[in-house]
Amino acid sequence: MLAIVGLAGCGGSGASGGRATLNYYIFPEPSGSFAKAAADCSKASGGRYQIVINTLPSASDAQRQQLVRRLAAKDSSIDIVGMDVNWTAEFAEAGWIRPWTGANAAAVRRGVLPGPIATATWKGKLFGAPLNSNTQLLWYRKDLVPNPPKTWNEMLQDAIKLAKQGKPHYIEEQGAQYEGYVVWFNSLVDSAGGQILSGPSTVALGPSAKRAASIIADLAKSKAADPSLSNDQEDQARLAFEQGKAAFEINYPFVYPSAQSDVPKIAKVMGYAPYPRVDAGKPARVTIGGINLAVSSYSTHPAAAYAAIACMANRPHQLTDAVKGGLPPTLGSLFDDPALAKPYPFHQLIKQQLIDYGIRPKTPAYSDVSLAIQKTLSPPDGITPASAVSSLTSQIKSALTSGELL
Amino acid sequence: MSTVAAPAGQARKGMTDRTRSERKLGLMLIAPAVVLMIAVTAYPIIYAFVLSLQRSDLRFPNASKFIGLDNYGSVLSSSLWWSDVFHTLVITVATVAIELVLGMLLALAMHRAIFARGAVRAIALIPYGIVTVVAAFSWRYAWEADSGWIPHLLGLKTDPLASTSGSYIAVIISEVWKTTPFMALLLLGGLALVPDELHEAARVDGATTWQRFWKITIPLMKPAILVALLFRTLDAFRVFDTVYIFNAGAHGTETVSILGYNQLLNRLNLGLGSAVSVLIFVLVAIIAAVFIKGFGAAAAPGGKKT
């Protein structure tokens with residue numbers, strides 16, 4: 001490793017050998033599929049570039065903090081930026097990442113589902129190559145609930161009925177004061193036909209936001225709520241379901257293999273269904289997650305970086321990431337690949353939700369907006385739907401001006 | 001030094017030369033330390049103050065401009081700032097008060113330990129030696145509703161950390177557990193200053209243990225108590241790690257340091273965040289001044305007597 005870095009140090013400034021070292025900043029992927037993709041692509045480039053993985057912290061906000069501080073300081077030792085889907089507007093507007101144009105853009109756009117493309121687009125330009133996506137499903141106990149509920153209201157009624165019978169009845173969600181809670185709220189607002197922002201700086205909260213707030217408040221104040229709801233993140237929700245305390249869980253697909261290896265007894269009765277709807281007649285629009293890869297504006301090897309990203313986000317690598325790493329792909333055709341069907345029996349549900357996607361508000365001040373939403377709606381059982389919309393509106397407005405405390 | 005007889009004038013001249021060169025040497029010797037201090041403390045403080053007078057956001061570098069005291073206006077007129085000051089004061093007053101009582105008991109125990117004195121002192125200091133983040137994590141897991149031993153022991157059906165009061169109690173216990181040894185160590189230093197003869201004399205005069213503690217030990221320890229309280233109060237007022245690990249300021253436990261962190265590191269709003277930092281600095285300076293003015297005067301006579 002040292003030898004490579006030393007060699008690249010010489011090669012970087014001059015043109016000796018012409019091999020570019022590409023520093024790739026990405027979250028710590030535990031299965032090693034990102035590292036394998038980086039090694040394969042370096043090899044396939046025939047000596048044109050060598051990708052060196054730099055691991056970011058595991059928490060999403062810590063990842064962003066490190067990237068932002070490097071990019072704001074114009075750090076040229078970062079070439080490929082592994083971005084959470086909700087950072088695109090912020091990074092693009094600040095001029096930290098380069099747009100994808102022409103043949104480069106066409107190559108990484110081809111065959112990608114509309115949801116992931118939408119997350120990587122800012123002001124009509126593509127700023128990242130969708131590497132993987134993610135969407136939450138409804139997980140439920142087949143032994144307790146014969147037919148999965150279609151709507152939030154049905155699910156709440158089912159849970160209350162189970163509570164009366166003294167059976168496991170919690171609905172596991174993410175209600176802690178953090179980004180995951182914003183995902184819940186945003187999914188509900190989108191599913192109700194509304195949106196949080198109608199432009200980068202226009203707050204558009206209306207009746208749909210009020211419905212979203214009521215759904216959260218009704219659940220949080222009912223018997224269906226886990227007593228820890230206001231502290232629960234994805235992993236606490238997973239654990240509670242695995243402990244057998246819950247009848248329902250809203251979570252990402254990682255919970256499925258986890259239940260199979262941790263508690264086969266629960267895994268046997270673990271069913272999956274589409275994310276609950278707000279209106280019975282309208283499919284839910286679930287806020288999608290995932291990673292887009294961007295080229296840093298301060299990279300000294302942009303051409304090689306574009307090529308390396310296109311390689312790492314290609315079909316074979318997305319398949320490995322999905323099968324080995326459990327990260328849902330962004331390429332539509334991969335969902336029909338038999339290799340994916342085995343670990344992902346619910347792959348068609350995921351594909352459909354990536355087509356009927358919802359995304360978080362697109363604004364360079366997204367982290368401010370997120371902070372305002374988290375704080376205003378915390379704790380979930382403290383929400384008064386009637387006043388929530390007006391206080392949210394004023395909080396988000398002040399978040400967008402960046403002149404007030406949050 | 002030898003005192004060889006020499007003409008007075010010469011001697012004085014020689015001495016001043018020596019003093020001058022010694023002073024020069026002294027200045028040269030401390031210069032690196034001064035330069036280092038300026039680089040690592042003065043520069044960031046001044047830079048934070050300069051930033052606090054600007055609209056400065058890492059994401060909008062082109063929109064940076066000088067705006068005078070506007071950031072201070074926004075902070076001081078925000079109800080969030082004042083409620084966070086209140087949260088911080090609650091944690092500070094509660095932890096320092098409990099630590100003073102427990103720390104004094106611990107100090108007395110360490111002072112009076114008859115056997116294995118060194119071992120007793122070392123064991124008592126272990127919590128303080130643990131990294132705050134690690135200690136906070138172990139306490140948070142202890143309070144966790146599903147798996148923690150505290151809710152299990154108390155037979156709680158609900159999640160104690162899902163309520164404001166529960167969160168405060170958990171944070172305060174964690175802080176007290178962690179820093180009581182520090183308080184005890186400072187108080188132990190004060191206890192060592194109390195001469196045994198005074199106690200013996202008082203005992204001969206028929207003073208009870210309680211009377212001796214209040215009339216002899218406490219007055220003589222006043223300077224040590226002042227230092228211990230001052231250090232811990234300043235420390236407690238800047239509390240960040242424990243609260244951040246427990247719930248990052250949810251359930252109404254957000255402190256001023258977390259407020260500053262949110263502005264600086266989440267929002268990248270350097271102007272507002274620096275204004276918050278400077279205001280925390282001012283509050284800390286006020287606390288220190290109050291302690292030294294208020295208690296310092298009271299402590300002086302005790303100091304003179306010894």
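## Nonpolar cores

In this predicted model, the largest nonpolar core holds 141 residues. Seven names stand out there for having the most contacts inside the core: Ile80(A), Phe185(A), Ile216(A), Leu293(A), Ala308(A), Ile309(A) and Met312(A). Helix 13 of chain A, residues 302-312, gives this core its largest share, 8 residues.

Ala308(A) has contacts with Leu22(A), Cys41(A), Tyr49(A), Ile51(A) and Ile80(A), leaving aside residues up to four places away in sequence. Another core lies apart from the largest one. That other core has 33 residues, including Ala162(B), Ile172(B), Leu187(B) and Phe237(B).

## Strand 12 of chain A

Strand 12 of chain A covers residues 246-251. Of its 6 residues, 6 are buried, so the strand is largely enclosed by the rest of the structure.

Two pairings involve this strand. Strand 8 of chain A, residues 137-141, pairs with strand 12 of chain A in the antiparallel sense, over 4 bridges. Strand 9 of chain A, residues 170-172, pairs with strand 12 of chain A in the parallel sense, over 3 bridges. Glu249(A) is a point of reference for both: Trp139(A) stands opposite Glu249(A), and Glu172(A) stands opposite Glu249(A) as well.

## Chain A overall

Chain A contains 18 helices and 14 strands. Its radius of gyration is 22 Å, close to the 22 Å from the globule rule for 406 residues, so chain A is as compact as a globular protein of that length. The C-alpha trace of chain A spans about 75 × 50 × 35 Å along its principal axes.

Buried residues make up 55% of the 406 in chain A. Among contacts in chain A with a separation of 6 or more, 74% join residues 24 or more positions apart.

## Contact between the chains

Chain B puts 27 residues into the contact, and chain A puts in 27 residues. On the side of chain B that touches chain A, helix 2 (70-76), helix 3 (79-112) and helix 11 (256-266) of chain B each supply at least two residues. Helix 11 of chain B gives the largest share of that side, 5 residues. By class, the side of chain B that touches chain A has 13 nonpolar, 9 polar and 5 charged residues.

## Confidence

The average pLDDT of chain A is 92. In chain A, 96% of the residues score at least 70. Residues 1-16 of chain A stay under 50 in pLDDT. For that stretch the model has 9 contacts beyond four places in sequence.

Technical notes
Residues are numbered from 1 along each chain as its sequence is written. Chains are lettered from A and ligands numbered from 1 in the order in which they are written. This is a predicted model: local features need pLDDT of at least 70, side-chain atom pairs count only at pLDDT 80 or more; totals for chains, interfaces and linings use all residues. Two residues are in contact if their C-beta atoms, placed from the backbone, lie within 7 Å. Ala, Val, Leu, Ile, Met, Phe, Trp, Tyr, Cys and Pro count as nonpolar, Asp, Glu, Lys and Arg as charged, and the others, Gly among them, as polar. pLDDT is the predictor's confidence in each residue, from 0 to 100. A residue is buried if 20 or more other C-beta atoms lie within 10 Å of its own, exposed if 12 or fewer, and partly exposed in between; C-beta atoms are placed from the backbone. Two strands pair if DSSP finds at least two bridges between them. A nonpolar core is a set of buried Ala, Val, Leu, Ile, Met, Phe, Trp, Tyr and Cys residues joined through C-beta atoms within 7 Å. The radius of gyration is taken over C-alpha atoms; the globule rule is 2.2 Å times the number of residues to the power 0.38.
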